[in-house]
Amino acid sequence: MAEIQGSYDDLFTAAPGVLAALLDAGDTGASVAVFVDGEPVVDVWGGCVDADRTAPWQRDTITGVWSVTKTMTALCALVLADRGQLDLDAPVVRYWPEFAAAGKDGVLVRHLLAHTAGLPHWNGPVEELYDWPSATARLAAQAPQWEPGTAAGYHSLTQGFLVGEVVRRITDRSVGEFLADEVAGPLGADFHIGLSAEHDHRVALSVPPPSRDEDHLSSAPGATAAPTAGTGIRVRDGNSIAWRRAQIPAASGFGNARSVALVQSVLACGGTVRGVRLLSQAGCDRAREEQFSGEDHILGMPMRYGLGYGLFGNTYGWGGWGGSMVVIDPDARMVVAYVTNQMREPGDDNRGLEIVMAAYDGIQALRA
């Protein structure tokens with residue numbers, strides 16, 4: 001059986017067991033964290049950082065989590081809303097006047113967070129994603145594909161720029177800077193949007209699914225094929241230095257399971273973790289206020305969206321291309337995070353769900 005490093009509570013042995021089984025089945029490397037009441041009951045890792053399996057995954061290894069990044073960007077917006085600096089019911093143009101172009105003056109801030117703004121596709125060159133002014137100017141000029149607020153379509157790359165520009169207009173800071181200053185920094189969480197060179201030696205590059213290479217194109221969680229519209233992102237793009245340095249707040253975050261679970265524990269624990277208060281209880285509750293329920297035009301499947309998070313029963317969270325995932329359960333005051341560099345085909349990937357179910361075995365034993 002694969003060797004697992006780290007620590008875990010005896011009641012939660014199922015979660016590290018699942019990680020070991022996944023590594024035994026051929027996965028390259030990963031980390032798993034389960035936090036209850038803001039503290040780790042599982043904090044484990046294993047495998048390797050590279051496809052050739054020459055270097056072991058370490059405690060401080062980080063990797064790209066793709067769309068799990070959206071939960072970090074959403075949390076930044078929720079913090080601003082809780083402070084009264086951002087009105088979620090306001091039109092986006094209140095903060096970003098240029099956004100009014102092409103009939104978007106009725107788009108509300110909450111539409112950006114709920115994938116209902118009608119701007120689901122990135123239609124520019126990949127290189128433009130690395131240039132914030134160019135990327136946001138392109139989106140400001142676009143016309144919505146549907147009447148905003150009336151339908152949903154997963155904004156896989158665009159959501160981060162849309163929400164992030166509103167954050168920047170309010171705070172005069174990028175999402176990555178705001179996250180570092182106001183969220184990750186105070187919590188001591190090792191999560192980054194816009195990764196500086198000093199961290200490069202800790203990065204585990206994404207490993208394409210078996211039988212695929214680095215030209216493998218992105219597809220959204222739940223989708224069975226690559227999107228038919230918009231610019232496709234390849235594995236090699238996500239492994240590039242340019243991607244790491246850029247702020248693509250829907251997809252270019254780097255961290256590990258520990259840091260993801262620690263940050264999102266703010267929502268599971270009523271706004272306060274380890275003595276750091278970031279949100280009120282009302283501010284936490286906003287995350288799971290249903291904004292849309294129905295067929296997602298892009299994913300082609302039924303979805304429920306809150307404010308920046310997917311809603312799944314009494315839990316909420318999101319997953320990323322390649323398998324990383326975070327699930328928040330405020331009723332159990334629990335967060336489960338799975339972060340991996342081993343990609344699988346989206347239609348054949350239940351790893352995150354297996355980790356979550358294993359965590360619930362522990363919670364039931366803990367609450368017994």
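Helix α2 meets helix α6 through M72, T73, L75, C76, V79 and L80, with V175, F178, L179 and V183 on the α6 side; contact here means heavy atoms within 4.5 Å. By class, that contact has nine nonpolar residues, one polar and no charged ones. Ala, Val, Leu, Ile, Met, Phe, Trp, Tyr, Cys and Pro go down as nonpolar, Asp, Glu, Lys and Arg as charged, and the others, Gly among them, as polar. The model is a predicted one, in which local features need pLDDT of at least 70, side-chain atom pairs count only at pLDDT 80 or more, and totals for chains, interfaces and linings use all residues. Residues are numbered from 1 along each chain as its sequence is written, and side-chain values use heavy atoms, with hydrogens and water left out.

As for geometry, α2 spans residues 69–82 and α6 residues 175–187, and their axes come within 10 Å and cross at roughly 65°. Axes are lines fitted to C-alpha atoms, for helices over the stretch in contact, with angles running from 0 to 180 degrees between N-to-C directions. Helices are DSSP runs of H or I with at least four residues, strands are E runs of at least two, and both are numbered from the N terminus. The two helices are therefore roughly perpendicular, a label that covers 65 to 115 degrees, against under 35 for roughly parallel, over 145 for roughly antiparallel and oblique for the rest. α2 passes α6 in a left-handed crossing, meaning that the near helix is turned anticlockwise from the far one by less than a right angle (clockwise would be right-handed).

α2 has another partner in α9, residues 257–268: the axes come within 11 Å and cross at roughly 35°. This crossing, too, is left-handed. T71, M72, L75 and L78 of α2 meet S259, V260, V263, Q264 and L267 of α9. The tally here is six nonpolar, three polar and no charged residues.

Over in α1 (residues 14–24), the buried residues are A15, P16, V18, L19, A20, L22 and L23. Buried means under 20% relative accessible area, exposed over 50%, and partly exposed in between (1.4 Å probe, protein chains only). Those α1 residues pack against β1 (4–8), β2 (29–36), β3 (39–47), β15 (334–340) and α11 (351–367). Just after α1, G26 takes a positive phi of about 120°.

Finally, the cysteines: a search of the whole structure turns up zero disulfides, a disulfide being a pair of cysteine sulfur atoms within 2.5 Å. C269 is buried at 7% relative accessible area, and its sulfur lies 8.7 Å from the closest cysteine sulfur, in C284, too far for a bond.
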